[in-house]
Amino acid sequence: MRRRKQWRFRLHLISCLILMILGFVLFRSKFLPIARDLAITQVKNRTSDLINDAIAEQIARDNIQYDRIIYFEKDLQGKITALKTNMSEVNRLKTDILNIINDDILALDTHDIGIPIGSILIPEVLSGKGPTIPVRVMSISNSEAQFVSHFSEAGINQTLQQLTMEVSVDVTILVLSKTETFQVMSQVVVAETIIVGAVPDTLLTTGSNHTP
């Protein structure tokens with residue numbers, strides 16, 4: 001009798017495991033595309049926030065200053081003849097900011113980017129509710145950053161120059177036992193100044209052979 005009860009218990013346990021596996025497989029096959037799209041959107045939004053926060057923190061600490069990146073070359077009459085870019089400073093900022101961003105992205109957990117099951121099953125009624133489907137950041141690669149200069153009119157004989165940092169990173173996530181890789185891009189204005197007088201056609205670099 002005792003052996004029969006043990007056998008029934010084992011059979012019941014095996015049946016429950018099989019049903020759970022089948023349920024997961026069915027759920028995964030039906031809702032994986034939705035979960036994937038929601039997870040990608042979540043990670044892109046959080047990553048963009050992290051990029052903005054990392055750059056804002058550097059600006060708040062005065063680690064990003066226009067006159068450290070760009071300086072003017074003038075003639076004897078004080079007329080601007082060229083804008084020079086300090087590439088050693090640019091490269092330092094790129095390295096510092098990318099290191100911060102990479103660490104912050106890898107530190108994301110399910111609390112930050114998990115998908116509430118209600119957002120998948122009945123999003124019209126249960127969006128943001130229910131147990132959370134875990135989403136894990138597996139790796140990041142091809143992190144790149146570059147400074148881009150933009151010029152626009154700011155008044156009579158005045159030009160606004162903005163320095164924009166463009167960041168891109170490839171992120172691989174794991175959701176419902178499947179990995180997805182996608183690119184996240186973000187643009188943030190890091191510095192700007194008003195140039196009085198004609199803007200020269202020459203933009204030079206120092207410390208490198210490449211423009212930002």
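Select T164 first: beyond its neighbours within four places in sequence, T164 is in contact (heavy atoms within 4.5 Å) with Q146, F147, V148, H150, Q187, V188 and V189. The model is predicted, with residues numbered from 1 along each chain as its sequence is written; local features need pLDDT of at least 70, and side-chain atom pairs count only at pLDDT 80 or more, whereas totals for chains, interfaces and linings use all residues. Side-chain values rest on heavy atoms, with hydrogens and water left out.

T164 counts as buried because its relative accessibility is 6%; buried means under 20% relative accessible area, exposed over 50% and partly exposed in between, with a 1.4 Å probe and protein chains only. T164 belongs to strand 6, where strands (E, at least two residues) and helices (H or I, at least four) are DSSP runs numbered from the N terminus.

Now turn to the hairpins. Between strand 5 and strand 6 there are 2 residues, and N157 in this hairpin takes a positive phi near 60°. The hairpin of strand 6 and strand 7 likewise has 2 residues between the strands, and there L176 takes a positive phi near 50°.

With these 3 strands in view, the open sheet can be read in the order 5-6-7, with antiparallel pairing. Strand 5 and strand 7 are its edge strands, each pairing on one side only. From one strand to the next, the twist averages 10°.

Select helix 3 (residues 87-106), which lies across strand 5 and strand 6 and runs at about 140° to strand 5; axes are lines fitted to C-alpha atoms, for helices over the stretch in contact, and angles between N-to-C directions run from 0 to 180 degrees.

Which residues have the most contacts inside the largest nonpolar core? They are V171 and I173, in a core of 46 residues. Such a core is a set of buried Ala, Val, Leu, Ile, Met, Phe, Trp, Tyr and Cys residues joined through side-chain atoms within 4.5 Å. Contributors of at least two residues each include helix 1 (2-60), helix 2 (66-69), strand 2 (80-86) and helix 3. Helix 1 gives the most, with 9 residues.

Centre the view on V171: leaving aside neighbours within four places in sequence, V171 is in contact with V43, V137, S139, I140, E180, T181, F182 and V184.

**The whole chain**

Finally, show the entire protein chain, which has 6 helices and 8 strands. Of its 212 residues, 34% are buried. Among contacts with a separation of 6 or more, 66% involve residues 24 or more positions apart.

How values were computed
Two strands pair if DSSP finds at least two bridges between them.
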